[in-house]
Amino acid sequence: MWHDRRPMRLRFALLRIWRLLEPSERRRIAYVAPLLVVSALVEVVGVAAVIPFLTVLSDPASFGELPLVGGLVARAGIDDPMILLRWAGAALALTLLAANGLLLLTTWWMLRFTWGLNHTISARLVRHYLAQPYPFMLTRNTSEMANRIVVEVRQLVENGVKAGLEVATRSAVILALAGFLVVLDPRTAAVAFVALGGAYGAIFALTRGYLRRIGREVVVASAARLKAVSEALGGFKDVRVAGREASVYRRYAAPSVRYAQIQAAGQAVLALPRYALQVIAVGGLVLIASLGVDSAEELGGIVPLLGAYAFAGLRMMPAMDALFGAFSRMRFGLGSLEVIEADLSRCHDLEPMPEVDVEPLPFEREVRLVGVTFAYEGSSAAAVQDVDLRLPIRSSVAVVGSTGSGKTTLVDLLLGLLAPSTGEVRVDDRLVTAETRRAYRRLFGYVPQSIFLLDDSVARNVAFGLEDADIDLAAVRRACREAQIAEFIESELPDGYETEVGERGVRLSGGQRQRIGIARALYHQPQILVFDEATSALDVHTEQQVYQALESIAEHRTVLTIAHRLETVAKADHVVVLERGQVVDRGPSEAVLTRYRFGVPA
């Protein structure tokens, strides 16, 4: 999965995250910069406000010597220590209130922005997947893509974007407070910053490689968990019949245990400096006090300084702890960044996704495949080779072949899901190109072998993919009548077209599910209906009923039927026999059936 094992510097990671953002999102981040500056300045004022308060407590007489504050008090004529104490306490409380209010405002903005970003990036990823060429989906695992949309995007936002914003926020506070302490006492500030900064740096240097490694592992474990759950629940019936519950459970349990271990390890690393640095901070205050005074008389003079350092530490320690956590989470989140960045890197190659459906291409005579050859990427042999196929308007054509003969590939080429490696697809005399392929696909309704049904109402399954406001119930009823399932829905289902069909249509029989699929294909009134081995899983009686419905549909439409048995397409106007990707026989159904029935070679 991972092609580049070299360490990625965090500044490059931040640059890569920045490039993932839309211009409007970058501007919103830039707009918060003044708020960070004001927050940092208020933090400095809050720490500075401690000094007058402690000066009044320890030595009221020296209050007038304080810069700025002393002059204001002298001009006001206040000499009562208790009044000074109250004013100093009130000023300190108001300053802290303002600092915490700004911190809360910054946090609220950050949460609002990052959760909004969680939506926009996941939506871009969904759009990216939906707009990919069809071959892309043939090589990808859907549970892996779902994991990236639901889990990895959140990991990227939490451990990448939000962590980066926390770095900016906390760094502004730390730098402002550090600058104030340097001005207050340069030598003591230098010793404190070397001790604290060195400790944080050492812990981060020791853990960053480990965090990057487990960050990659958690991506793999998370995807494996979701895949195991999807397979277990999707194949629940098969699992129970085969008695494989324990085996399927173990397939989930192994990556789940590893996922839990990695998350616990990551959280432990984040908590590591909190406990180690409390000792350093307290020890530093004791050291400052012991070295700063030579006698008890000097203690009153150093109390304001100690208080300022203690209060600055009280404000800085959470900021430094959060800064370390943000850097660590960014290392941990590099795995998510890599996989999402790789998937989004091709966004500029996407097909347009118009909000309004395009009109179908004009179709008056025939659809033709002319000398079409197609080979899948990485395959040395062509799946179909030099195929000519005609679909005359209002005709019934059948393509027959054994498993592996190329029928599925031929259908995908005909539907415009695959583009021929060589050859042409034409509607009447018009060549189908990349620009017209979407309009070309609007000619078709498609009934697959396995019908995917939502755990939703009959109406929403028939009008699949449409929002509720866009569903035309009259069109739903019309399509169901054509599929010969309207009577069953209206007379036997408790809520008619609003009846829930259950997950994957579990409350319907195989034939009923197939007819819902036919109704879905007919909902948009396509001119060509493709029936792709849609009865292969049905019993003979149900298959006959479905084909009776198909015969009625074929009276007004062009129908292409894909099958692996000649007997099922006896009433087709024209039959094409496919073997190993090539057409080996074609002609009227009666003639083709006769030749194969009596062993006449193609």
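Helices (H or I, at least four residues) and strands (E, at least two) are DSSP runs, numbered from the N terminus. By this rule the protein chain has 20 helices and ten strands. The model is a predicted one, in which local features need pLDDT of at least 70 and side-chain atom pairs count only at pLDDT 80 or more, whereas totals for chains, interfaces and linings use all residues. Residues are numbered from 1 along each chain as its sequence is written, and side-chain values use heavy atoms, with hydrogens and water left out.

The predictor's confidence in each residue is called pLDDT and runs from 0 to 100. Its mean over the protein chain is 76, and 72% of the residues reach 70 or more. In residues 1-8 the pLDDT is below 50, and this stretch has 21 contacts in the model beyond near neighbours in sequence; a contact means heavy atoms within 4.5 Å. Residues 293-299 also have a pLDDT below 50, with four contacts beyond near neighbours in sequence.

Of the 602 residues in the protein chain, 46% are buried. Buried means under 20% relative accessible area, exposed means over 50%, and partly exposed lies in between (1.4 Å probe, protein chains only). Among contacts in the protein chain with a separation of 6 or more, 76% are between residues 24 or more positions apart.

The aromatic rings come next. A pair of aromatic rings is described by the distance of the centres and the angle of the planes. Rings of Phe, Tyr and Trp (its six-membered ring) pair if their centres lie within 6.5 Å; planes under 30 degrees apart count as stacked, over 60 as edge-to-face and the rest as tilted. The structure holds four such pairs. In one of them, the ring centres of Trp109 and Phe113 are 5.2 Å apart and the planes stand at 5°, so this pair is stacked. Both residues belong to helix α5 (residues 81-130), where Trp109 and Phe113 are four residues apart, about one turn of the helix. Trp109 and Phe113 are both buried. The rings of Tyr440 and Phe444 have centres 5.2 Å apart and planes at 70°, and the pair is therefore edge-to-face. Tyr440 and Phe444 are likewise both buried.

A charge sits over a ring if NZ of Lys or CZ of Arg is within 6 Å of the ring centre and within 35 degrees of the ring normal. The charged end of Arg225 takes this position over Tyr259, 3.9 Å from the ring centre. Arg520 lies over the face of Phe464, 4.4 Å from the centre of that ring.

What surrounds Asp343 beyond its neighbours within four places in sequence? Asp343 is in contact there with Leu125, His128, Tyr129, Arg140 and Arg148. Asp343 is part of helix α12 (residues 334-344), and its relative accessibility of 5% makes it buried. Its side chain joins that of Arg148 in a polar contact of 3.0 Å. A polar contact is a pair of N or O atoms within 3.5 Å; within protein, one must be able to donate a hydrogen and the other to accept it, and residues adjacent in sequence count only if both atoms are side-chain atoms.

Finally, the backbone deserves attention. Most residues other than glycine have a negative phi. Asp386, however, has a positive phi near 50°. Asp386 is located in strand β2 (residues 384-392) and is exposed, at 54% relative accessibility. Arg394, which is not a glycine, has a positive phi of about 55°. Arg394 lies in the loop between β2 and β3 (396-400) and is exposed, with a relative accessible area of 54%.
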